[in-house]
Amino acid sequence: SLVSKNVIINSNQRCILVHPTNNVTIDDNVAFNTHGHCYVTEIGDEKFNTFSNNLGASTKLLSQSNGQSDSPGSKYQAATFWIRNMENT
């Protein structure tokens, strides 16, 4: 599968989320002025996904809790790339 050539602007909840999915290419996407983690593998069992040539700018904290690691008050902050398994590129 391929997720490519998208522009994501003013998202209130993340950008591109890979949730237990393997062998996906996320390529040539741009995200600006978004809230929460942007390019994400969610639970950590995702493998062999490739994130290439993606740009994220102005990634901001969420304003309300979603019960996840990018929620306000979490020990983590919103990250442009939140990749939970080293078996992704």
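1. Phe48 sits in the loop between S6 and strand S7 (50-52). Strands here are DSSP runs of E, at least two residues long, and helices are runs of H or I, at least four; both are numbered from the N terminus. Phe48 is not a glycine, yet its phi is positive, about 65°.

2. A word on provenance. This is a predicted model, in which local features need pLDDT of at least 70, side-chain atom pairs count only at pLDDT 80 or more, and totals for chains, interfaces and linings use all residues. Residues are numbered from 1 along each chain as its sequence is written, and side-chain values use heavy atoms, with hydrogens and water left out.

3. Asn33 also has a positive phi, near 60°, and is a residue other than glycine. Asn33 belongs to strand S5. Its relative accessibility is 17%, so Asn33 counts as buried (buried is under 20% relative accessible area, exposed over 50%, partly exposed in between; 1.4 Å probe, protein chains only).

4. The disulfide count is 1, where a disulfide is a pair of cysteine sulfur atoms within 2.5 Å. Cys15 and Cys38 form it, with their sulfur atoms 2.2 Å apart. The S-S torsion is about -100°, so the bond is left-handed. Cys15 lies in the loop between S2 and strand S3 (16-18), and Cys38 in the loop between S5 and strand S6 (39-41), so the pair ties together parts 23 residues apart in sequence. Both Cys15 and Cys38 are buried.

5. Check Asn29. This residue lies in the loop between strand S4 (25-27) and S5. Asn29 counts as buried because its relative accessibility is 1%. Its side chain reaches the backbone nitrogen of Lys5 at 3.4 Å. The Asn29 side chain also makes a polar contact with the side chain of Asn54, at 3.0 Å. (A polar contact is a pair of N or O atoms within 3.5 Å; within protein, one must be able to donate a hydrogen and the other to accept it, and residues adjacent in sequence count only if both atoms are side-chain atoms.) Leaving out residues up to four places away in sequence, Asn29 touches residues including Val3, Ile16, Tyr39 and Leu55; contact means heavy atoms within 4.5 Å.

6. Val7, Ile9, Val30, Phe32 and Leu55 make a nonpolar surface patch of about 470 Å². Strand S2 (7-9) and strand S5 (30-35) each give two or more residues to the patch. Val7, in strand S2, is exposed, with a relative accessible area of 60%. Patch residues have over 30% relative accessible area and no salt bridge; like charges are joined within 9 Å, nonpolar side chains (Val, Leu, Ile, Met, Phe, Trp, Tyr) within 5 Å. A salt bridge is a side-chain nitrogen of Lys or Arg within 4 Å of a carboxyl oxygen of Asp or Glu. Accessible areas come from the Shrake-Rupley method with a 1.4 Å probe; for residues, only the protein chains shown count as cover.
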